[in-house]
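Please look over the sequence and the model first, and then follow the sections below.

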Amino acid sequence: EYILKYLRKNGIAKVILSVGYKRETIKEYFGDRFENIELIYSEEDEPLGTGGAIKKAMNQVKNSQVYIINGDTFFDVDLKSLDLENMI
């Protein structure tokens, strides 16, 4: 929830959540929207590890510019100030 509030504050309108363990609880709690953020779920039937989870979630990405954020770590960075086009 903290991460989603942070993303909303930074103007993010769509988030893909990679979920595995307790995914039904997470999906029931958040549903398909959280404070005007569209939520999409990438579900792991078996643990894929961090890299595997990201790779699977990327199948649902429709934009060439994305942020990948680990839900276990929080850094208060101004995402709007990052220039993704020049970071690739």
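## A first residue

How does Lys27 count in terms of relative accessibility: buried, partly exposed or exposed? Lys27 counts as partly exposed, because its relative accessibility is 24%. The model under discussion is a predicted one.

The model contains an open sheet of 3 strands, arranged in the order β1-β3-β2 with mixed pairing. Its edge strands are β1, residues 14–19, and β2, residues 33–34, each of which pairs on one side only. Strands of a sheet pair through backbone hydrogen bonds, in either a parallel or an antiparallel manner. Here, β1 and β3 (residues 37–43) run parallel and are joined by 6 bridges. Along this pairing, Lys14 stands opposite Glu38 in β3, and Val19 has Glu43 of β3 as its bridge partner.

Val15, Leu17 and Val19 make up the covered face, whereas Lys14, Ile16 and Ser18 make up the uncovered one.

## Helices and loops

Helix α1, formed by residues 2–9, lies across β1, β2 and β3. Its direction is at about 135° to that of β3. Another helix, α3, includes Ile54. This residue counts as partly exposed because its relative accessibility is 31%. Ile54 and Gly20 are separated by 34 residues in sequence and by 12 Å in space, C-alpha to C-alpha.

Lys22, placed in the loop between β1 and α2, has a positive phi of about 65° although it is not a glycine. Asn36 lies in the loop between β2 and β3, and its phi is near 70°, again a positive value in a residue other than glycine. Asn36 counts as exposed, because its relative accessibility is 66%.

## Salt bridges

Side chains of opposite charge can pair when their charged atoms come close. The structure holds 7 salt bridges. One of them joins the side chains of Lys27 and Glu43, with an N to O distance of 2.6 Å. Lys27 lies in helix α2 (residues 23–30) and Glu43 in strand β3, so the pair ties together parts that are 16 residues apart in sequence. Glu43 counts as partly exposed, because its relative accessibility is 24%. Lys27 and Glu43 also belong to a network of salt bridges in which Arg23 and Asp45 are linked with them.

A further salt bridge brings together the side chains of Lys9 and Asp76 at 3.5 Å, N to O. This pair links distant parts of the chain: Lys9 is in helix α1 and Asp76 in the segment after α3, 67 residues apart. Asp76 counts as exposed because its relative accessibility is 56%. The side chains of Glu1 and Lys5 also meet in a salt bridge, at 3.6 Å from N to O. Glu1 counts as partly exposed because its relative accessibility is 40%, and Lys5 counts as partly exposed because its relative accessibility is 33%.

## A nonpolar patch on the surface

Which residues form a nonpolar patch on the surface? The patch consists of Tyr67, Ile69, Phe75, Val77 and Leu82, which together have about 430 Å² of accessible area. Among these residues, Tyr67 is found in the segment after α3, a helix that spans residues 49–58, and Phe75 is found in the segment after α3 as well.

The accessibility of these two residues can be stated individually. Tyr67 counts as partly exposed because its relative accessibility is 31%, while Phe75 counts as exposed because its relative accessibility is 59%.

Definitions and conventions. Residues are numbered from 1 along each chain as its sequence is written. This is a predicted model: local features need pLDDT of at least 70, side-chain atom pairs count only at pLDDT 80 or more; totals for chains, interfaces and linings use all residues. Side-chain values use heavy atoms; hydrogens and water are left out. Two strands pair if DSSP finds at least two bridges between them. Helices (H or I, at least four residues) and strands (E, at least two) are DSSP runs, numbered from the N terminus. Contact means heavy atoms within 4.5 Å. Axes are lines fitted to C-alpha atoms, for helices over the stretch in contact, and angles run from 0 to 180 degrees between N-to-C directions. Patches are made of residues with over 30% relative accessible area and no salt bridge: like charges are joined within 9 Å, nonpolar side chains (Val, Leu, Ile, Met, Phe, Trp, Tyr) within 5 Å. Accessible areas come from the Shrake-Rupley method with a 1.4 Å probe; for residues, only the protein chains shown count as cover. A salt bridge is a side-chain nitrogen of Lys or Arg within 4 Å of a carboxyl oxygen of Asp or Glu. Buried means under 20% relative accessible area, exposed over 50%, partly exposed in between (1.4 Å probe, protein chains only).
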